[in-house]
Each structure stands twice: as structure tokens, then as C-alpha cells.
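Please read them next to the coordinates.

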Amino acid sequence: MTDPVLRSLAGESLYVHEEEKLIYGYTTRNFPPTALRRLFPGLPILFLKQVHSDRIIMPGDWRPGVEADGMLLQGEHAVALIQTADCLPLFFFDDERRSGGVLHVGWRGLQKGIEERLAELLGGDLGRFRFHLGPGIERDCYEVGEDVREQFAKKPYGRVIFTPVRPGKHLLDLKAGLTLSLRALGAAPERIRDCGLCTFCSRGLFPSYRRDGGTGRRVFNFLMLRGAPAPG
Ligand SMILES: [Zn+2]
């Protein structure tokens, strides 16, 4: 199992991992949403209205503008898609590539326990799954206030993901929080991979909301199970 690698598609750059029954990856800085169509011609690309919730839907629940922050595919011929610009995309798929998807995990989603909802949806059996943490803002670039730290006070990992930097300010390690929670839910440590790419300090590679402000640019994080039957 390899991590997604940087490739070029009609002049656009993206990280992609492809195998017989699975494709997933993430786009770079200026990738236009229209270019996603060239990646997945004729396939439904299931965009969500992301609201920092813990709601994960399946394609049968999808409609335009549906509010959710994760999608679980179980054989449907469709592309799960999450947009990020500092928040963390979490990809997951099982050994048989029969089920998989992607979550949008910011601090609010983690605080609400979106990964716990995922474990419930998957029947509590995370041991069969592999996880990949895509590009997101990493600890050294992610300063938050006391208000955020307080909201994690009751989490078992709440003490270890904040590093005080100055009065009332902490560095937040979102990736560590998510990883520790997945492990507590039964995910195997060696099956959780981190791409090691920070959106904030990889200038030129990814959009970053904290660095660039509201440019509207996003990373498109996509996953499709290719073993699904062709439509029609
Ligand atoms: Zn960084």
C-alpha cells in the first residue's frame, strides 16, 4: 500500500493513489473543480454542504446541498468528495475495497466525534480498515485559543494534543487527536498513514484558509471504489 503520489493531469497537479478497485487522492492549489470531471467522466461526484458536523451520509441520502461532513460508499458507482483548506481529510477503505469514503475533520468535527460516528456506521470493526490522513494544517502552524482547548477537556486524548505557546494560546495537533481516537476505536496503528503534508506551510502546493484568507480555493479530496458495477 503506497501513499498517493504527485501527478499531472492536463496541466493540473494532484496526488493520487490508484489500484484495481480503488482510487483516492487530493488536488493541489489551483485545481479547478471542472477538472474533476476529466478524472471521473460520466460519474456522479457527490459534493456535500460541509457544516463542521458529525454527520456521515451514504449515496442514497445524497441530494444537492445536503448538509454532511462525510460520505460512506458501499459499492455505489459514485465519487465521494470532501473540500478542505486546512481541515483534515480522512480517507478510509477496507481490505476488500468494498467499503470506503472520506471525512472532513476540523476541530469542531473532531470535538463532536465524527470518527466515532464512522465507527458506529462501520459496525465498530475498524480493524479491517486502512486510514489515510491527507493534507491539513499541522501542529506547529495551528494556534488556537483557550476556548478550543476547553472543549476537549473531557476527551481521553485532550491533554496531549495541545501545546501552550503563550498566555491563552495553544498549538493544536488535530492529526494526533484523530489518530489517537481512531486507535481507541480499534484501528490498527500500522494501518493509519499520514501524508505528512501541511496545508499552511506548503506554500504554493495547497490552499490554506489561515494563510490566504477566503480565496475560495479548496483541496478536493476524492475517493471511489472501482470494483463497483458500471452504471446502466
Ligand atoms: Zn505547517
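1. L182 is a residue of helix α5, which spans residues 174-184. Helices here are DSSP runs of H or I with at least four residues, strands are runs of E with at least two, and both are numbered from the N terminus. L182 counts as buried because its relative accessibility is 0%. The cut-offs are under 20% relative accessible area for buried, over 50% for exposed and partly exposed in between, with a 1.4 Å probe and protein chains only. Leaving out residues up to four places away in sequence, L182 touches L90, E115, L126, F131, A187 and I192; contact means heavy atoms within 4.5 Å. L182 and L9 are 173 residues apart in sequence, and their C-alpha atoms are 33 Å apart in space.

2. Basis of the values. This is a predicted model, in which local features need pLDDT of at least 70 and side-chain atom pairs count only at pLDDT 80 or more, while totals for chains, interfaces and linings use all residues. Residues are numbered from 1 along each chain as its sequence is written, and side-chain values use heavy atoms, with hydrogens and water left out.

3. I192, one of the contacts of L182, is found in strand β14, residues 192-194. With a relative accessible area of 13%, I192 is buried. Apart from residues up to four places away in sequence, I192 touches F131, L133, T179, L182, R183 and A187. From I192 to R128 the C-alpha distance is 12 Å, at a sequence separation of 64 residues.

4. G101 sits in strand β9 and counts as buried, at 0% relative accessibility. What does G101 touch, not counting residues up to four places away in sequence? The contacts are M71, L90, F91, F92 and L223. The C-alpha atoms of G101 and L72 are 4.7 Å apart, although 29 residues separate the two in sequence.

5. Q151 belongs to helix α4, residues 146-151. Its relative accessible area is 39%, so Q151 is partly exposed. Leaving aside neighbours within four places in sequence, Q151 is in contact with W107 and Q111. Q151 and S202 are 51 residues apart in sequence and 29 Å apart in space, C-alpha to C-alpha.

6. Zinc site. Which residues coordinate the zinc ion? The donors are the SG atoms of C141, C198 and C201, at 2.2 to 2.3 Å. Along the chain they follow the spacing C-x56-C-x2-C. A donor is an N, O or S atom within 2.8 Å of the metal (3.2 Å for Na, K and Ca); water is not among the atoms, so sites may look incomplete. C198 counts as buried, at 4% relative accessibility, whereas C201 is exposed, with a relative accessible area of 54%.

7. Backbone points to check. Most residues other than glycine have a negative phi. H52 has a positive phi, near 55 degrees, and lies in the loop between β4 (45-46) and β5 (56-57). At 27% relative accessibility, H52 counts as partly exposed. R97, which is not a glycine either, has a positive phi of about 60 degrees. R97 is in the loop between β8 (88-94) and β9 (100-105) and is buried, with a relative accessible area of 12%.

8. Overall fold. The chain has 6 helices and 15 strands. Its radius of gyration is 17 Å, which agrees with the value near 17 Å for a compact globule of 232 residues; the radius is taken over C-alpha atoms, and the globule rule is 2.2 Å times the number of residues to the power 0.38. Along the principal axes, the C-alpha atoms fill a box of roughly 60 × 40 × 35 Å. Of the 232 residues, 50% count as buried. Among contacts with a separation of 6 or more, 64% are between residues 24 or more positions apart.

9. Surface and charge. The accessible surface of the chain comes to about 10500 Å², with 48% belonging to carbon and sulfur atoms; areas come from the Shrake-Rupley method with a 1.4 Å probe, and for residues only the protein chains shown count as cover. There are 32 positive and 28 negative side chains, and the centres of the two sets lie 4 Å apart. Lys and Arg count as positive and Asp and Glu as negative, while His and the chain ends are not counted. Each charge is placed at NZ of Lys, CZ of Arg, CG of Asp or CD of Glu.
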